Amino acid sequence: MVQEAEKFAREDKEKRDAIDTKNQAESVVYQTEKQLKELGDKVLADVKDRVESKLKELKDAISGGSTQTIKDAMAALNQEVMQLGQSLYSQPGASAGAAGSGPTPGADTTGAYGSSAKDDGDGEVIDADFSESN
């Protein structure tokens, strides 16, 4: 039995790696689609097209590719998403916080994960989390 377990340990490890990679890739797809939807027109068309192209490649890899193909497609998508973030940061009219001056007093900034921070002008930051209910 021990020999059999050792024999199949490598196969089990490969299967687990494949499942973990697929789950991670599906999470990346979901987060990227959510980010594109939230950003809407703020994203430059050419950057958005490149991200959507890499997103499609990752979806195709998930539906029928090898683990390495999925990992490669995920890395390519992550690279494009980084470029998307950089293009947003460097766009004219970016928030005052981009210049390093911090949020404007009284400004309400909502984070990507639903947390909200509000600077009331006296340096005290009020932080709150919320959840949506249907």
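**Exercise 1.** In this predicted model, find which residues of helix 1 meet which residues of helix 2, and sort the contact by residue class.

*Solution.* Step 1: list the helix 1 side, which consists of Lys22, Ala25, Glu26, Val28, Val29, Thr32, Glu33 and Leu36. Step 2: list their partners in helix 2, namely Lys48, Val51, Glu52, Leu55, Leu58, Lys59 and Ile62. Step 3: sort by class, which gives eight nonpolar, one polar and six charged residues for the contact of helix 1 with helix 2.

**Exercise 2.** Determine how helix 1 (residues 2-39) and helix 2 are oriented to each other.

*Solution.* Step 1: take the axes, which come within 10 Å and cross at roughly 155°. Step 2: compare the angle with the cut-off, since angles over 145 degrees count as roughly antiparallel. Step 3: helix 1 and helix 2 are therefore roughly antiparallel.

**Exercise 3.** Describe the packing of helix 2 (residues 45-64) against helix 3 (residues 67-90).

*Solution.* Step 1: the angle between helix 2 and helix 3 is about 160°, and their axes lie 9 Å apart. Step 2: this angle makes the two helices roughly antiparallel. Step 3: the crossing of helix 2 and helix 3 is left-handed. Step 4: on the helix 2 side, the contact residues are Val47, Arg50, Val51, Lys54, Leu55, Glu57, Leu58, Ala61 and Ile62. Helix 3 contributes residues including Thr69, Ile70, Ala73, Met74 and Leu77. Step 5: by class, the contact of helix 2 with helix 3 holds 13 nonpolar, three polar and four charged residues.

Conventions:
Residues numbered from 1 in each chain as written. Predicted model: local features only at pLDDT ≥ 70, side-chain atom pairs only at ≥ 80, totals over all residues. Heavy atoms only, no water. Axes fitted to C-alpha atoms, helices over the stretch in contact; angles between N-to-C directions. Helix = DSSP H or I, 4+ residues; strand = E, 2+ residues; numbered from the N terminus. Parallel < 35°, antiparallel > 145°, perpendicular 65-115°, else oblique. Left-handed = near helix turned anticlockwise from the far one by under 90°. Contact = heavy atoms within 4.5 Å. Nonpolar A, V, L, I, M, F, W, Y, C, P; charged D, E, K, R; others polar.
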